[in-house]
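Here is my note on the charged pairs. Please read it with the model open.

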Amino acid sequence: MTFPPNLDKLGIRKAIDEASKSYSEGGIPIGSVLLHSDGTVLGSGHNERIQKSSATLHGEISALENAGRLKPEVYRNSTIPKYTTLSPCSMCTGAILLYKIPRVVIGENINYVGGENLLKSRGVEVVVLDDEQCKGLMKRFIEEKPEEWNEDIGEV
């Protein structure tokens, strides 16, 4: 599938806005957006585990939830890239695979590397932008709140 270059810029900017919103709320700065190839935002969200005392409300899960119930054809027959500010964890990787989202655009994977290899092995196109803003915001959060970060990724 071919994606217009401006689509990545649109998607990652929206995901960064979501991540910044989460950080300003005292949450983990991870944002995500489910974006159709025509530029339509189907859903966007951010990590709200801290804000809502949730066990599962990661950024990608929030974006999928906010997209609402969609028919499988929407995921499979449309060109739907998924954008996130950070490499997806195992739970979010599973959701991407379950809904057969064909493309993941990641802001950065320096602070955390998730299921990228699994996604690639299952035919998902993975694009890493190496975005400085994404790296800086996550690094700052990890330094400020290491316990919350470790909890989010299932570490002790």
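1. Lys52 and Glu48 join side chains in a salt bridge, at 3.7 Å from N to O. A salt bridge here means a side-chain nitrogen of Lys or Arg within 4 Å of a carboxyl oxygen of Asp or Glu. Lys52 is exposed, at 53% relative accessibility. Glu48 is buried, at 13%. (Buried is under 20% relative accessible area, exposed is over 50%, and partly exposed is in between, with a 1.4 Å probe and protein chains only.)

2. A caution on the source: this is a predicted model, where local features need pLDDT of at least 70, side-chain atom pairs count only at pLDDT 80 or more, and totals for chains, interfaces and linings use all residues. Residues are numbered from 1 along each chain as its sequence is written, and side-chain values use heavy atoms, with hydrogens and water left out.

3. Arg103 meets Glu125 in a salt bridge of 3.3 Å, N to O. Arg103 sits in strand E4 (residues 103-108) and Glu125 in strand E5 (residues 125-128), so the pair ties together parts 22 residues apart in sequence. Strands are DSSP runs of at least two residues, helices (H or I) of at least four, numbered from the N terminus. Arg103 is buried, with 5% relative accessible area. Glu125 is partly exposed, at 35%.

4. Salt bridges link Asp8, Arg103 and Glu125 in a network.

5. Lys139 and Glu143 form a salt bridge at 2.8 Å, N to O. Both lie in helix H6 (residues 132-144), four residues apart, about one turn of the helix. Lys139 is partly exposed, at 45%; Glu143 is exposed, at 54%.

6. For the overall count, the structure holds nine salt bridges.
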